[in-house]
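I opened the model to see how its chains are built. These are my notes, in the order I looked things up.

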Amino acid sequence: MKLEAIDRALLAGEQGAAARRAMTLLVRYGEACGAERFISIQSAHIDGCLYHGPSSIDFVRRFVDLKGKVRVPTTLNVAAVDVTHPGWHCGARGLIAQQKKLTRLHEKLGCLPTLTCAPYQRMVRPLRGEHVAWAESNAIVFINSVLGARTDRYGDFTDLCAALTGRVPLAGFHCDEARRPAIVLMLPSPEAAGLPRDLYFAAIGYVVGRRSRGAVPYLRGVPQGASEDELKALGATGASSGALALFHAEHITPEAADMPTAGVPVETVTPDEVRAAIDRLCAAAEGEAVAAICLGTPHYSLAEFAALNRAVDGRRRADATEIYVSTSREIAAEVESDASFDGLRAFGIRIVVDTCTYLAPVVRQTSGLILTTSGKFAHYGPGNLGRRVALMTLERCIRSAEAGKVVEAC
Amino acid sequence: MLIRGRALIEGMASGAVLRLTEPLSLWGGVDLSTSRIVDASHPQQGATLAGRLLAMPGSRGSSSSSSALVELARSKRAPAGIVTTRGDPILTIGALVAEDLYGAAIPILIVADEDLAILPDGASAHLWCEAGQAVLNFPGDALLGFGMPHLP
């Protein structure tokens, strides 16, 4: 690779031994990716703070021992457990101590302990055209597509090396040519698919992820006025069912108008295909016992809490059904200090922070279905938790929580 | 049979091919304590990755898959090598860090879609991955005439 003065200085250890170690890994990574040179980044979002095992700590500790510091503003993704509610944790007991250690090590490197998968909702919003190094698949697809910022699909380790050096190889979605659509997908409207809006965006995301096969799709037919929360759901589900890292939605996302679509192959998504995705993610029979409702994958926004507040108004949860919402500490504090959300507390909602219920086991009952509005939860939950999961609308989730069993769709 | 490709991560490996018919997310799709595929929607659910030559048509999903690969390497349950169809940045960094932290070489070979599709599942093979020569060889075939290196 062609190195600039800053890259050579980093490799020579002039910015410290930790930066040298990170840069050495990045050069090998850049060569494997076929990059010709490095570019500077404006921020980083680290996914490696989620504890997977001793290797998570082994990697970060070396940089701490070398007295490393991040060179750009750096946020942390979710952790493996909500350390503020240790009593809710149903997984391995040792995990809490290991996770605290891993988070602390990242803080020593100068990372902000945001512990959220959706920092773009409040704290950090990369600008259009800005190069950043973000990990966490839903955050990658959101900032690339909805904000028009530029990050490649970074995995754990690359993200921290980028933060410690402020540099990344010029490759993947940093480059103009990789951002151009390779497939145009014609989508049915929610009405044509016969789906309520919240189910529609999860289902579309699932189909788009599968259909794109790693290519960038240009989507025609996404409803105008789609909210950020709806696009968040589309992207997160597509990143789970496929490797969706960037989509362009006609008249909606910022880069769509500049994208050439002439000569790009066009495929039509049929209403049947969208409904089939729902059938696949919602294999629940009416009357089945419901152990819990899990919301907030990705982390719930304030607008989603407001919608939930309206949905539970005047209702009463069945004693046997638990209900959890995952979000950031910052949004949780806002909800908890606002009296207009008293209805959520009356309904018995537990707000999980720092982590997400699709990976952190919190549901106490060992049998019964888990219901969710999240396509990402419905995709990963069964494998991660060993539980049956069903995707449905918020309204049906809440009516089922009231009944303690799956109720029919309206 | 000899499949030629491009070396993404260099190294050598031998093992039985585990050919997946759909992409897999190593995180969320694999139980890291057993290396078993747990993704309920995956056609090869139940197969184990440890010691296999993992052949998959692209990857998908989580950016934690690099951590998953390294954690499998630490506990000696990683695939011996990976054959795939696209240069995946998340697998790439996982393989680099697995070697850096634990000295575990997980070579990655990039091959054409149509070549991946014909790999015989379960057959023993040797993966030889270096910049000038990146091949997957199934023993029993004539090696002569291909300019093959001598494989262990």
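**Chain B, then a sheet in chain A**

I began with contacts in chain B between residues at least 6 apart in sequence: 75% of them join residues at least 24 apart. Two residues are in contact if their C-beta atoms, placed from the backbone, lie within 7 Å.

I noted the ground rules. This is a predicted model, where local features need pLDDT of at least 70 and side-chain atom pairs count only at pLDDT 80 or more, while totals for chains, interfaces and linings use all residues. Residues are numbered from 1 along each chain as its sequence is written, and chains are lettered from A and ligands numbered from 1 in the order in which they are written.

Next I looked up the secondary structure. Chain B has four helices and ten strands. Helices (H or I, at least four residues) and strands (E, at least two) are DSSP runs, numbered from the N terminus. Along the sequence I read β-β-β-α-β-β-β-α-β-α-β-α-β-β for chain B.

Along the principal axes, the C-alpha atoms of chain B fill a box of roughly 45 × 30 × 25 Å.

I checked burial too. Buried residues make up 53% of chain B. A residue is buried if 20 or more other C-beta atoms, placed from the backbone, lie within 10 Å of its own.

Then I turned to the partner chain. In chain B, 33 residues are in contact with 37 residues of chain A. Strand 2 (6-9), helix 1 (26-29), helix 2 (65-74) and helix 3 (89-102) of chain B each give two or more residues to this side. Helix 3 of chain B gives the most, with nine residues.

Last, I looked at a sheet in chain A. This open sheet has five strands in the order 12-11-10-13-14, with parallel pairing. Two strands pair if DSSP finds at least two bridges between them. Which are the edge strands? They are strand 12 (349-353) and strand 14 (389-391) of chain A, and each pairs on one side only. Strand 11 (residues 322-327) of chain A pairs with strand 12 of chain A over five bridges, in the parallel sense. I found A:Arg350, in strand 12 of chain A, as the bridge partner of A:Tyr324.

Methods. A residue is buried if 20 or more other C-beta atoms lie within 10 Å of its own, exposed if 12 or fewer, and partly exposed in between; C-beta atoms are placed from the backbone.
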